[in-house]
Amino acid sequence: MRRQPPGAWLTGLLAAVLYSVFSVTQWHGLSSPSWDLGIFTQLAKAYADLATPIVPIKGEDFNLLGDHFHPLLVLLGPAYAVAPSGLTILIVQNLLFGLSVAVVSRAGIRLIGTPAGIAVGAAYALSWGLQSAVAAQFHEIAFAVPILALSLEAVLRRRALPAVLWGGLLVFVKEDLGLTVIALGLIIAWRLRTAVGLWLAVWGALWLIISVRLILPALNAGGQYDYSDRIDVGAMISDPVGAVVDLVSGTAKHQTLLLLLLAGGFLFLRSSLTLVLLPTLLWRFASGQEGYWGPEWHYSAVLMPVLFLALVDGVHGLRRSRRDWLRSTAVVGVPAAVVGCLVLLPTQTFGVLLEPETYRQSERWDAAHRMMDLIPEGSSVESGVVLMAYLVPDTRVYWLGNANPVPDYLIVDADDWSWGPVRPSDAEAHAEERYAGTDYTLIFGEAGYQLVERQR
């Protein structure tokens, strides 16, 4: 086994610490940008109990394996069993991202030298795609990021077997990654001149079909794949020219592409690994969901290891060129990526870490936890998004936007964005109106929180 470059692992460790600092400030600031953290905390809790991943936040008896195909998330179970908290799975994600930073740095050090390799690793660690994913909190792509990095690193080292083995795991992270596996397999077949890459492409296509056409509908309460309507394939076939125009139209799409060019120092385009970016970009840009188009949320995290390892590959290839003018361009690749990172940094989510108030616990923290302590373990509770992940370890949590069974407790949080513009002023009246024939009593009212208990 080749000696591991300590600089790569130090870079990865520092990245994981930085991500975790950000996550801890979010956690103590009661910051919940989406309901994903609550959902995946319920999944981790189920796996820790060796149970089917039933997630009541999505609906009574809702099997999350019928929403997206991500059996690899069973690995969250042991971590949650040791430390049952939503913060635990945030730390798991941060460690996985940190591992990917170490892998990218290691590949950079081995191919383009220690200073340049560490610089690429640092730029990758602070890339806008990873920052957005950390800020969006946990998502299943946390596992895809290091797996992609390990597979592509093996490609760069011309090691076909580990490249295929790592790449093959991606189909168990999320169903759309089957498209990425197809592209990855074709790149392996071409670059490494091996038929095993073609088998990987077949593997990706097979699991894409099996998951979308068979497994997800079978486990979904509606007997369907819930996201099949996100791309209008019929319209694209009937008007292919319009479909191509739509793919590259829209300010959000242009912003994503520009940020990729800046972050990758442009020279990543010299690498064939760049083709692995295309499946994710194509399905996002072809979708009618505008939220997929831009650089926000977690959707670009899987692009980042591809982008930066393609940069390493591009610089490495240019340095070996027989043409002097091409070799000279290799010098600008890494500095361009570092400059791009520094230019973008003040506008990215981690900028808040420079503000002292970021490290202050929410003024509502004590009130929220005194309220939650009043709810007996094992009870059912209906809540908005913000407190769901905090409630999951001890209670059965439902989201207020669904048609739920009558809960034992109901929380009205005046500051929770789940309510939209109109928030109930009287939690008792709201609960009794929502669940006709019930009687609820207010047992906590403080700091904008109201907790009502069902009377039997």
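Predicted model: local features only at pLDDT ≥ 70, side-chain atom pairs only at ≥ 80, totals over all residues.
H6 itself, residues 128-136, is mostly covered, with 9 of its 9 residues buried. Here's a quick tour of what surrounds that spot and what else turns up.

- The buried residues of H6 include Trp128, Leu130 and Val134.
- The largest nonpolar core has 138 residues, and Tyr19, Leu76, Phe97, Phe138, Met304, Phe308 and Leu387 touch the most other members.

**Tyrosine 19**
- Leaving out residues up to four places away in sequence, tyrosine 19 touches Asn94, Phe97, Gly98, Val101, Ala125, Leu130, Val134 and Phe350.
- Ring pairs also link Tyr19 with Phe22, Phe97 and Phe350 in a cluster.

**Aromatic pairs**
- The count comes to 16 aromatic pairs.
- One of them joins phenylalanine 40 and phenylalanine 138 edge-to-face, at 5.3 Å centre to centre and 70 degrees between the planes.
- Phenylalanine 40 sits in helix H2 (residues 36-48) and phenylalanine 138 in the loop between H6 and H7, so this pair ties together parts 98 residues apart in sequence.
- Phenylalanine 40 and phenylalanine 138 are both buried.
- Tryptophan 283 and tyrosine 292 have ring centres 5.2 Å apart and planes at 80 degrees, so they count as edge-to-face; both residues are buried.

**Nonpolar surface patch**
- Leu10, Leu13, Leu14, Val17, Val21 and Tyr359 make a nonpolar surface patch of about 560 Å².
- Valine 17 belongs to helix H1 (residues 6-28), and at 44% relative accessibility valine 17 counts as partly exposed.

Notes:
Residues numbered from 1 in each chain as written. Heavy atoms only, no water. Core = buried A, V, L, I, M, F, W, Y, C linked by side-chain atoms within 4.5 Å. Buried < 20%, exposed > 50% of the residue type's maximum accessible area, 1.4 Å probe, protein only. Contact = heavy atoms within 4.5 Å. Patch = residues over 30% accessible without salt bridge, like charges linked within 9 Å, V, L, I, M, F, W, Y side chains within 5 Å. Areas by Shrake-Rupley, 256 points an atom, 1.4 Å probe, with all protein chains shown as cover. Salt bridge = Lys/Arg side-chain N within 4 Å of Asp/Glu carboxyl O. Helix = DSSP H or I, 4+ residues; strand = E, 2+ residues; numbered from the N terminus. Phe/Tyr/Trp six-rings, centres within 6.5 Å; stacked < 30°, edge-to-face > 60°.
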